[in-house]
Amino acid sequence: YRRALERALDHRALVMFAVVGFALVSTLLVRGIGVEFMPVSDESQFHLSIRLPVGTRIELTEQVVGQMEDEIRRDLPPGWITITQSAIGLLTTAGRASARQATYSSNTGPHAAQISIHLVAPTRRSMSTRQVVDYLRPILAKKFPAVKQYMDPGGLITRVLYFGSAAPIDVLELGYDLNAGAALARQVARI
């Protein structure tokens, strides 16, 4: 260390030139560096949460889920989907909703479902998972206009980075005045 320090002090101009040069080159590289708060990861899976009107029978929900799964299979190239998994309604035990199902599912009744799609590795397809989701979203919205849908292109890594949420920013609104809550929700949605 002592010899290196002595050499640096003996060649101050060269050292200063090297440091300034490194700093300038580094500023040129800034354009190529991502600026995401949380980096995007392609985990080869996405989830689709759907809601039909409250009161829809589970048989109809199951039928719509099947049609949506078929549509996704038609719209993606053959061989891209490895697993399709669906959870429709609530798991029940003796006529009552299971506490375990309610804990791990956002399904709120027979009108709700979750579809999980697992894709082949990113190296075996020409689109990222996010691009697949962006491609499918308008197609499904057009073919199933009565179905409220939310597509989540994240997986386990994304959930860990986002502290369990599906998005980097999660807004929770609490209160008793439904009209004020709805107005606030519209205001937040415009932001």
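**Salt bridges, step by step**

A network of salt bridges links Glu69, Asp70 and Arg73. A salt bridge here is a side-chain nitrogen of Lys or Arg within 4 Å of a carboxyl oxygen of Asp or Glu. By this rule, the count is eight salt bridges.

The model is predicted: local features need pLDDT of at least 70, side-chain atom pairs count only at pLDDT 80 or more, and totals for chains, interfaces and linings use all residues. Residues are numbered from 1 along each chain as its sequence is written, and side-chain values use heavy atoms, with hydrogens and water left out.

**Exercise 1.** Find where Glu6 and Arg2 lie.

Step 1. Their side chains form a salt bridge, 3.4 Å from N to O.
Step 2. Both residues lie in helix 1 (residues 2-10), four residues apart, about one turn of the helix. Helices are DSSP runs of H or I, at least four residues, and strands are runs of E, at least two, numbered from the N terminus.

**Exercise 2.** Decide whether Arg125 is buried or exposed.

Step 1. Arg125 pairs with Asp42 in a salt bridge, 3.0 Å from N to O.
Step 2. The pair links distant parts of the chain, 83 residues apart. Arg125 sits in the loop between strand 5 (112-119) and helix 5 (129-143), and Asp42 in the loop between helix 2 (12-29) and strand 1 (45-51).
Step 3. Apply the cut-offs: buried is under 20% relative accessible area, exposed over 50%, partly exposed in between (1.4 Å probe, protein chains only).
Step 4. Arg125 has 7%, so Arg125 is buried. Asp42 has 30%, so Asp42 is partly exposed.
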